[in-house]
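User: I would like to learn how to read a model like this one. Can you take me through it feature by feature?

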Amino acid sequence: MMFYQGKKSSKDEPITVESFEKGMPSKDDANEKIKSPGEMIHEMGSEYKIVTTYKEALEELVTGTYSIAWLCTASKGISKGSNDENYFESFIKAIVNFFVSGGGLIMFAENPPFIFEINEILKALPGFTVRID
């Protein structure tokens, strides 16, 4: 699972790997915990691995051990000058290859402009056309 992690001092700061895996306190009752997506995935009998960079996602995808890839993103685009930007094109190609080879692909994104990776994947998938009404 490629996972967007919230940035410090922003409204999405609570979006963390830890909150995905362990849940968060309820807004109504601080003593009550909201069940996490990670807990629900485990209850279904499935396992997952979270990665937060294109490089890590690429390394995991090429292992051939996954049947479904999840992309949970809120990115505006690759950060210029970051080490991870060098892996973006390879990441997109690996996702497309994974899908056309029979792998499942689940993508979640925030509202525009926070849909960068998903737009790029959809553009690269053969036979897909994206139309916005």
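User: How far apart in sequence are the residues that touch?
Analyst: Contact means heavy atoms within 4.5 Å. Take contacts in the chain between residues at least 6 apart in sequence: 60% of them join residues at least 24 apart.

User: What ground rules apply here?
Analyst: This is a predicted model, where local features need pLDDT of at least 70, side-chain atom pairs count only at pLDDT 80 or more, and totals for chains, interfaces and linings use all residues. Residues are numbered from 1 along each chain as its sequence is written, and side-chain values use heavy atoms, with hydrogens and water left out.

User: In what order do the elements run?
Analyst: Elements are DSSP runs: helices (H or I) of at least four residues and strands (E) of at least two, numbered from the N terminus. This chain has five helices and five strands. From the N terminus on, the order is β-α-β-β-α-α-β-α-β-α.

User: How many of the residues count as buried?
Analyst: Buried means under 20% relative accessible area, exposed over 50%, and partly exposed in between, using a 1.4 Å probe and protein chains only. Of the 133 residues, 33% count as buried.

User: Which residues have the most contacts inside the largest nonpolar core?
Analyst: In soluble globular proteins, nonpolar side chains tend to be buried together. A nonpolar core is a set of buried Ala, Val, Leu, Ile, Met, Phe, Trp, Tyr and Cys residues joined through side-chain atoms within 4.5 Å. Here the largest has 19 residues, and Phe91, Ile95 and Ile121 have the most contacts inside it. Helix H3 (54-61), strand S4 (68-73), helix H4 (88-100) and helix H5 (116-124) each supply at least two of its residues. H4 gives the most, with seven. A second, separate core has five residues, including Phe20, Ile41, Tyr48 and Ile50.

User: What does Ile121 touch?
Analyst: Leave aside its neighbours within four places in sequence. Ile121 is then in contact with Leu71, Ile92, Ile95, Val96, Leu105 and Met107.

User: How many aromatic pairs are there?
Analyst: Rings of Phe, Tyr and Trp (its six-membered ring) pair if their centres lie within 6.5 Å; planes under 30 degrees apart count as stacked, over 60 as edge-to-face and the rest as tilted. The count here is five aromatic pairs. Tyr54, Phe88, Phe91 and Phe116 form one cluster.

User: Is Ser36 buried or exposed?
Analyst: Ser36 is buried, at 1% relative accessible area. Its place is the loop between strand S3 (33-34) and helix H2 (37-43). Beyond four places in sequence, Ser36 is in contact with Ser19, Phe20, Glu21, Lys22 and Gly23. The Ser36 side chain also reaches the backbone oxygen of Glu21 at 2.9 Å.

User: Where is Asp84, and what does Asp84 touch?
Analyst: Asp84 is in the loop between S4 and H4. Asp84 counts as buried, because its relative accessibility is 17%. Not counting residues up to four places away in sequence, Asp84 touches Thr53, Tyr54 and Lys55.

User: Where is Ile106, and what does Ile106 touch?
Analyst: Ile106 is in strand S5 (residues 104-109). Ile106 is partly exposed, with 29% relative accessible area. Not counting residues up to four places away in sequence, Ile106 touches Ile68, Ala69, Trp70 and Leu71.

How values were computed. A polar contact is a pair of N or O atoms within 3.5 Å; within protein, one must be able to donate a hydrogen and the other to accept it, and residues adjacent in sequence count only if both atoms are side-chain atoms.
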